[in-house]
Amino acid sequence: MDEYGDTWAPPSQVLAELTARWGRTHKIAWTGRFWLATHHHPRAPWRSQIEPTPEQLESRLRAHYGMPPGPPAERTQRRRDAR
């Protein structure tokens, strides 16, 4: 749950989606606390990204590498808790 009270999809589901989008160029991992993306090419600029949320990770990857290769994948929708 984030600071706004939003519940995220299960990490296993988000990991599968991120891998489907970025797996051609990056190895994606969930540490239990942070999301990591490591570029497959050892000399790539910004080889590793570490972020607390999957959306921040994708934002940083897009900022450094543009859109992921291949067709766009469906995104998991967050569920909004009643406030």
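1. Start with the two strands: β1 and β2 (residues 35-39) run antiparallel to each other and pair over five bridges. Strands here are DSSP runs of E with at least two residues, helices are runs of H or I with at least four, and both are numbered from the N terminus. Two strands count as paired if DSSP finds at least two bridges between them.

2. A quick word on the model: it is predicted, so local features need pLDDT of at least 70 and side-chain atom pairs pLDDT 80 or more, while totals for chains, interfaces and linings use all residues. Residues are numbered from 1 along each chain as its sequence is written, and side-chain values use heavy atoms, without hydrogens or water.

3. Now look at the turn. Four residues sit between β1 and β2 in this hairpin, and G32 there has a positive phi of about 100°.

4. Where does W30 lie? You'll find W30 in strand β1 (residues 26-30). W30 is partly exposed, at 32% relative accessible area (buried is under 20%, exposed over 50%, partly exposed in between, with a 1.4 Å probe and protein chains only). Leaving out residues up to four places away in sequence, W30 touches P11, L15 and W35 (contact means heavy atoms within 4.5 Å).

5. Finally, the largest nonpolar core has nine residues, including I28, W35 and A37. Such a core is a set of buried Ala, Val, Leu, Ile, Met, Phe, Trp, Tyr and Cys residues joined through side-chain atoms within 4.5 Å. At least two core residues come from each of α1 (11-22), β2 and α2 (54-65), with α1 giving the largest share, three.
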